Every structure is written in C-alpha cells, then in structure tokens.
Amino acid sequence: MVSRLGVRIPRELPAARLKSLAQHAEQEGLDEVWIVEDCFYAGGIATASAVLSATEKITLGIGIMPAVARNPAIAAMEIAAMAELYPGRLIAGFGHGVPGWMRQIDAWPKSALAAFEETLTVIRRLLAGERVSFEGKHVRLDEVELEFPPALPPKLVGGVRGPKSLAAAGRVADGTLLAEPATPEYVRATRDLIGVEGHSIAAYNWLALDADQDRARERARSDVASAIGPNSGPALEPLDFGAELLAEVKAATDRGDLARRLRPEWIDRLSISGPLDRCVEQIRALYAAGTESVILLPLLGEPEEESFAAAGRIASALRG
C-alpha cells in the first residue's frame, strides 16, 4: 500500500494565500496538499485550479465538495478539465454537505444518501467517457456525454462518516476521507465496514510537533475539542475511552467547556502531537491500520508556514 503525507490549507485563509502555501508544501517534500470547500469560503474548483497551476508535482485534494451543490454533469466538466490540464495530480472529494448550509442555498435533498451515491455514480461514468442517461431520486440526466473526458480520470473520494454513507462510498468511490480526529482504531473500523479491496483511506489529523509533550498537548487541546461533537460517534466509538468521551461531549456546555474536560491522554490519542519520533510513530500506526494518506492540519491561529515546515520534518523522518 502507498503511504503518503500531506497537509491541509485552512479554509479560514483568503484565497490569495493559497498558491504560496501550496508552493511551500511542495518545497517541503510533501506528497499532497488539500483544500476545503465550506460555505461560504472560497470555492473548491477555483482554488484547486489555482493551486495546481502554481505547483509542479504535488497532488491536490479537494476535501470536500457538497454533492448537492452542483449539477453532477457540471461538476464532471470541471473535474475533467482539471484532470486533463494536470494529469495524475487531482483527488476530488464529495460529501453530503452541512445540512444547515445546504438549506441556506435551497440545496438540501430529500435523501442525502441517495444524492451522494447517485452524484458519484454519474460523475464516475461521465469521467470514464460514457454517454449517461440516469433517472434517480435526486439526479436526472438525459444522454449526457463529456466532449473532453480526461485520459486519466482522477480518484473520487467520499468524505462521509455514518455506516450507510461509508457503505455507499465503498460502492461508488475510490476512497474515503476521514475527518479529524482519525485514529488507527477509526481507520480499522472504517475498513471493516466498507469491506472493499483496494478502497483507499485518507485521514485528517491536527498537528502539534513540539519537543515538549505537555506543551504540544495544550497547543492541540482547543482544536481537538473543536472537531468533536454529537455526530462524532463513528470516530470515537471504536476507542477504548470513546464512551467516556462521548459522555463528556454530551455534558459540555460549549466548545471551551469540552476542551477543559479533555483528559491529557485523550488529546495525545486524538492528535499527531509531541516530539518528532512520537509523531512519526503515530503516523506509521495510521499507515499500519490501513491509511494510504495522512493529512496534517495546522492548528488554528498558528503560522501555517511553520506547520508545513513541521510536516516536512516528519516527511523526511518517515523517509529516513
């Protein structure tokens, strides 16, 4: 199995910063750089194109686009163009979309699961050069065929977490992108549930490289808490402390309260944090669990360039 290391550019940054940060990630020797399409930040297609044009070799992942935000034929056109312009360097991720945001733009479907599965099904067929007619619960196409299907269709991944959605990703996607925090236990549980040979797993995780484990833990504390909520059951239930942590999530009054409730040993397990050798060990454990790509997230409020340099140090140590 291929073992890759990447970084994610925070959604909170203005689009003008993306190109220089992607170039920095490439200079650090990282395999991948990922961007986020969340409402109402920068659009995923536009920023992906900019990053690809500003770099030479690094793979660009869009993680993720809401499946219901675009007509799938239009989405396939956009993906096909990028795949032809930058062959072998694109990963296109799709998810359900946040219900509140999708309702704001009147795009939330009657069945999010059907919309996700149907969208990826027809995009895959269009990228393969097929003429597609399709009548589903959400997607309807009448004799649609791309004039310029890519010679090398990009990998399509599903950014989902529920059991039914993961099963759907196994049927229609090439891989699955797990949201932070993605532990080895979560990866193994996901692989068991999907049960598809050759289906790749990519995992998001917060990064706090620091020679002082206590300081690393405290740096990561609020970010770890920000990623955990009532919908985190699939990620936390496989852990030996998952039930306790979910109880704390339920009891917490807000994110700050949850951050204070997190035990030190929990933060250590829910982030890539601490000295270099420990971070390398954690990433290797994710690879051993079946992760193809580990994607490191800069801590909010910390300089992204420093985080990317830290990821570069980890990449060098992994290769060494």
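Buried means under 20% relative accessible area. That cut-off is used throughout these views of a predicted model.

**View 1. Trp34 and Tyr204 form an edge-to-face aromatic pair.**
Trp34 has a relative accessible area of 2%, so it is buried. Tyr204 is buried too, at 3%. A search of the whole structure finds two aromatic pairs. In the one formed by Trp34 and Tyr204, the ring centres lie 6.2 Å apart, with 85° between the planes. Trp34 sits in strand S2 (residues 32-35) and Tyr204 in strand S9, so the pair ties together parts that are 170 residues apart in sequence.

**View 2. Phe241 and Trp266 form a stacked aromatic pair.**
Their centres are 5.5 Å apart, and the angle between the planes is 10°. Phe241 belongs to the loop between H9 and helix H10 (242-251). Trp266 belongs to helix H12 (residues 264-269). The pair therefore ties together parts that are 25 residues apart in sequence. Phe241 counts as buried, at 5% relative accessibility. Trp266 counts as buried, at 2%.

**View 3. The largest pocket holds about 1300 Å³ of space.**
Its lining has 46 residues, and the closest to the pocket centre are Asp38, Ile64, Val98, Arg161 and Ala179. Which kinds of residue make up the lining of the largest pocket? They divide into 26 nonpolar, twelve polar and eight charged.

**View 4. Strands and helices contribute to the lining of the largest pocket.**
At least two lining residues come from each of these strands: S3 (59-66), S8 (175-178) and S9 (200-209). Helix H4 (99-104) and helix H9 (233-236) also supply at least two each. Which element gives the most to the lining? S3 does, with four residues.

**View 5. Strands S5 and S6 form a hairpin.**
Strand S5 covers residues 132-135, and strand S6 covers residues 140-144. The two strands pair in the antiparallel sense over three bridges. Glu135 stands opposite Arg140 in S6. Four residues lie between the two strands. In a regular strand the side chains alternate between the two faces of the sheet.

**View 6. Cys39 and Cys279 are two buried cysteines.**
Cys39 has a relative accessible area of 15%, which is under 20%, so it counts as buried. Cys279 is buried as well, with a relative accessible area of 0%. How many disulfides does a search of the whole structure find? It finds zero. A disulfide is a covalent bond between the sulfur atoms of two cysteines.

Note on methods
Residues are numbered from 1 along each chain as its sequence is written. This is a predicted model: local features need pLDDT of at least 70, side-chain atom pairs count only at pLDDT 80 or more; totals for chains, interfaces and linings use all residues. Side-chain values use heavy atoms; hydrogens and water are left out. On a 1 Å grid over the protein atoms alone, a cavity is a set of points where a 1.4 Å probe fits but cannot get out, and a pocket is an open set with protein on both sides within 12 Å along at least five of seven lines; lining residues have an atom within 4 Å of a point. Grid points are joined across faces, edges and corners, and a volume is the space filled by probe spheres set on the points. Ala, Val, Leu, Ile, Met, Phe, Trp, Tyr, Cys and Pro count as nonpolar, Asp, Glu, Lys and Arg as charged, and the others, Gly among them, as polar. Two strands pair if DSSP finds at least two bridges between them. A disulfide is a pair of cysteine sulfur atoms within 2.5 Å. Buried means under 20% relative accessible area, exposed over 50%, partly exposed in between (1.4 Å probe, protein chains only). Rings of Phe, Tyr and Trp (its six-membered ring) pair if their centres lie within 6.5 Å; planes under 30 degrees apart count as stacked, over 60 as edge-to-face and the rest as tilted.
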